[in-house]
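Please look over the points below with the model open beside them.

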Amino acid sequence: MIEAAGNALQTPPRLKDGTLRIVPLGGLGEIGRNMAVFEIDGKLLIVDCGVLFPEETQPGVDLILPDFSYIEDRLDDVVGVVLTHGHEDHIGAVPYLLRLKKDIPLIGSQLTLALIEAKLQEHRIKPFTLTVTEGQVEQFGPFECEFVAVNHSIPDALAVFIRTRAGNVLHTGDFKMDQLPLDGRITDLRAFARLGEEGVDLYMADSTNADVPGFTSPEGAIGPVLEELFGKVKKRIIVASFSSHIHRVQQVLDAAAAHGRKVCFVGRSMVRNMAIAEKLGYLHVPDGILVDLKNVDNMPDHKLVLMSTGSQGEPMAALSRMANGDHRISIGKGDTVILASSLIPGNENAVFRVINGLMKLGADVVHKGTAKIHVSGHASAGELLYTYNILKPRNAMPVHGETRHLIANGKLAIQTGVPEENIILADDGTVVDLVNGKAKVVGAIDCGFVYVDGSSVGEITDTDLKDRRILGEEGFISVITVVNRSTGTIVSGPEIHARGFAEDDAVFNEIKPKISNALEEAVTSNRDHTAYQLQQVVRRVVGTWVNRRLRRRPMIVPVVLEA
């Protein structure tokens with residue numbers, strides 16, 4: 001397998017005529033931020049444009065976007081953005097891309113476009129869209145795209161088969177092979193076989209479950225478990241799931257109806273998405289089953305189900321606020337909370353905090369570890385093997401997954417006969433060229449994280465995040481000193497203020513003479529020292545002392561003024 005360490009690779013050469021270039025801008029080595037750029041004959045086609053959710057090591061960050069700088073000055077060459085399905089990690093960054101150029105066409109299924117249009121409305125952007133269905137073929141500049149039905153944890157997901165004069169690429173998006181899906185829409189293996197006969201030069205397959213043996217359980221297995229739980233619980237039931245998991249919400253509605261309970265949607269995105277799904281016919285809501293949040297206080301506990309956001313421990317989501325006691329829904333003894341979702345890598349601590357908070361309030365918490373109330377939306381190893389055997393691709397480039405998932409996917413390809421040298425394990429920013437049936441790594445581009453923090457986009461840097469972590473973990477010390485440069489004496493200070501320390505400020509009296517002596521020595525030895533150089537003297541003295549005396553590495557902000 002060809003492993004591409006993006007930062008170690010050279011700048012890619014100029015794209016040759018008749019060659020297809022593929023540049024992933026996100027989704028490789030991570031779960032989220034999925035985005036790939038295809039280029040041929042001077043035109044660009046984008047597949048997906050999603051977000052990544054921050055980890056605890058990224059304090060204050062709301063979202064993480066793909067780095068658009070590679071295409072920022074070529075937006076006029078973009079012929080369209082194909083959106084494979086409506087999950088945030090595939091559509092969430094679209095508003096930020098369209099801020100740069102509002103008329104880039106969006107191509108996707110009916111539900112996918114309805115979800116992104118609702119999101120764009122909040123950003124006051126009215127997009128240009130083209131609704132496509134499975135089996136449809138559309139020409140976008142030099143790219144001919146055929147759309148193929150795939151099954152996933154959200155309805156209306158599509159794979160895309162991209163035909164170019166340099167070769168054919170099949171990008172699966174996210175998929176699994178549920179043989180008895182709730183909506184009856186299976187992954188179209190007949191189309192896969194037909195495309196395999198035509199020839200797949202590059203196969204870009206979902207890797208999320210590539211290291212899980214066997215086959216992913218069907219979504220229908222969840223319904224009986226929910227019905228059994230609903231039959232046992234005597235008080236309120238709160239079910240937390242992704243706000244776009246329409247199949248899961250459908251099973252909650254069905255279980256509630258079977259046990260005579262009403263359902264209330266909690267969380268802005270849950271309310272919005274389920275209204276869209278019901279309007280378009282993807283969600284079938286039994287008559288009279290829904291109640292408004294403002295009326296739940298009048299409902300008897302044994303007649304109520306709350307369908308909530310926050311299954312990943314997001315701080316501002318409804319379930320997290322319930323666990324913290326700052327939501328209008330108060331969790332109490334006897335309530336049952338069902339976390340009907342998986343743990344996205346990196347969210348474990350946040351989810352466990354929510355579970356602990358709920359249990360402290362007296363709730364019973366049911367999660368994937370204690371009952372079968374979640375199945376994955378991604379193909380396991382057995383399903384991926386089927387696709388490799390059906391397609392017989394010439395080259396494979398695993399996508400959508402952490403490094404371990406990508407490697408596992410590559411090994412599956414080898415087992416089915418794809419030559420090892422034709423398997424590319426890429427990083428974000430790796431540049432891959434496809435020509436004459438052969439895919440090869442030709443270089444890499446800079447491709448970093450773009451952080452959204454409130455209204456700022458891309459202004460927060462890794463250095464800022466490091467400073468935030470230091471402030472949160474190690475504390476803060478400011479040192480203010482006034483120096484008379486002509487006499488070389490300390491006129492005032494050092495005045496020390498500390499935050500985030502258990503010790504009283506008096507502990508710093510020990511270091512003040514050392515700061516004064518070091519400053520006076522520096523000024524006396526060289527009258528031309530700049531204020532910055534004197535501040536560095538203070539930083540070194542304080543940093544060394546605090547590290548030895550208090551075993552801390554705080555942020556130190558020295559201020560040296562001249563009298």
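1. Two strands are taken as paired if DSSP finds at least two bridges between them. Helices (H or I, at least four residues) and strands (E, at least two) are DSSP runs, numbered from the N terminus. This is a predicted model, in which local features need pLDDT of at least 70 and side-chain atom pairs count only at pLDDT 80 or more, while totals for chains, interfaces and linings use all residues. Residues are numbered from 1 along each chain as its sequence is written, and side-chain values use heavy atoms, with hydrogens and water left out.

2. Strand 9 (residues 137-140) is antiparallel to strand 10 (residues 143-149), with 4 bridges between them. Within this pairing, Gln 139 faces Glu 144 of strand 10. The hairpin has 2 residues between the strands, and Gly 141 has a positive phi near 60° there.

3. Strand 3 (residues 35-40) and strand 4 also run antiparallel, joined by 5 bridges. Glu 39 lies opposite Leu 44 in strand 4. This hairpin too has 2 residues between its strands, with Asp 41 at a positive phi near 55°. Strand 4 pairs in the parallel sense with strand 6 (residues 78-82) over 4 bridges, where Val 78 is the bridge partner of Leu 44. Because 4 of the 5 residues of strand 4 (residues 43-47) are buried, strand 4 is largely enclosed by the rest of the structure. Buried means under 20% relative accessible area, exposed over 50%, and partly exposed in between (1.4 Å probe, protein chains only).

4. Five strands form an open sheet with parallel pairing, in the order 15-16-14-17-18. Its edge strands, each pairing on one side only, are strand 15 (262-266) and strand 18 (364-366). Inside the sheet, strand 14 (residues 237-240) pairs with strand 17 (residues 336-339) in the parallel sense over 4 bridges, and Ile 238 stands opposite Val 337.

5. Does the length of helix 14 (residues 531-550) agree or disagree with what its 20 residues should span? At 1.5 Å a residue the helix should span 28 Å, and its end C-alpha atoms are 27 Å apart, which agrees. The expected span is 1.5 Å times one less than the number of residues. Buried residues of helix 14 include Leu 534, Val 538, Val 541, Trp 545 and Leu 550. Their cover includes strand 25 (476-484), helix 13 (512-525) and strand 27 (555-562), contact being heavy atoms within 4.5 Å. Arg 551, which follows helix 14, has a positive phi near 55°.

6. The structure holds 26 salt bridges, each defined as a side-chain nitrogen of Lys or Arg within 4 Å of a carboxyl oxygen of Asp or Glu. One of them joins Arg 163 and Glu 146 at 2.7 Å, N to O. This pair links distant parts of the chain, with Arg 163 in strand 11 (residues 158-164) and Glu 146 in strand 10, 17 residues apart. Arg 163 is buried at 15% relative accessible area, as is Glu 146 at 4%.

7. Lys 232 and Glu 228 form a salt bridge at 3.4 Å, N to O. The two are 4 residues apart in helix 5 (residues 222-232), so about one helical turn separates them. Lys 232 counts as exposed, at 54% relative accessibility, and Glu 228 as partly exposed, at 47%.
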